[in-house]
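Here is a short briefing to read with the model open beside you. Take a look at the chain, then go through the points below.

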Amino acid sequence: MYKYEIILYWSMEDDAYIAEVPELPGCFADGSTQNQALEKIEIVISEWIETAKIIGRIIPEPRGRLKFA
């Protein structure tokens, strides 16, 4: 499990829960339940980090709770 802040919210537009990791640009997952969105975001975080390593992108250290999002 990663230690990045995850913002979880309901999207009426998508009719789904959205999990977002503000520290990792473009890192989102969705699900029909909160648990499903959280399970999926762990996979997406892993894939984001793996891709960042391959392309040489800097991987931010988890900062915990952000003061703004």
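Helices (H or I, at least four residues) and strands (E, at least two) are DSSP runs, numbered from the N terminus. This is a predicted model, in which local features need pLDDT of at least 70 and side-chain atom pairs count only at pLDDT 80 or more, while totals for chains, interfaces and linings use all residues. Residues are numbered from 1 along each chain as its sequence is written, and side-chain values use heavy atoms, leaving out hydrogens and water.

**Overall fold**

**The loop with Asp15**
- Asp15 sits in the loop that links strand E1 (7-11) to strand E2 (16-20).
- Asp15 is exposed, at 57% relative accessible area; exposed means over 50%, buried under 20%, and partly exposed in between (1.4 Å probe, protein chains only).

**The core**
- A nonpolar core is a set of buried Ala, Val, Leu, Ile, Met, Phe, Trp, Tyr and Cys residues joined through side-chain atoms within 4.5 Å.
- The largest one has twelve residues, among them Tyr4, Val21, Ala37 and Trp48.
- Helix H1 (residues 34-55) contributes the most to this core, with six residues.
- Leaving aside residues up to four places away in sequence, Ala37 touches Leu8, Tyr17, Ala19, Ala29, Asp30 and Gly31, where contact means heavy atoms within 4.5 Å.
- Buried residues account for 29% of the 69 in the chain.
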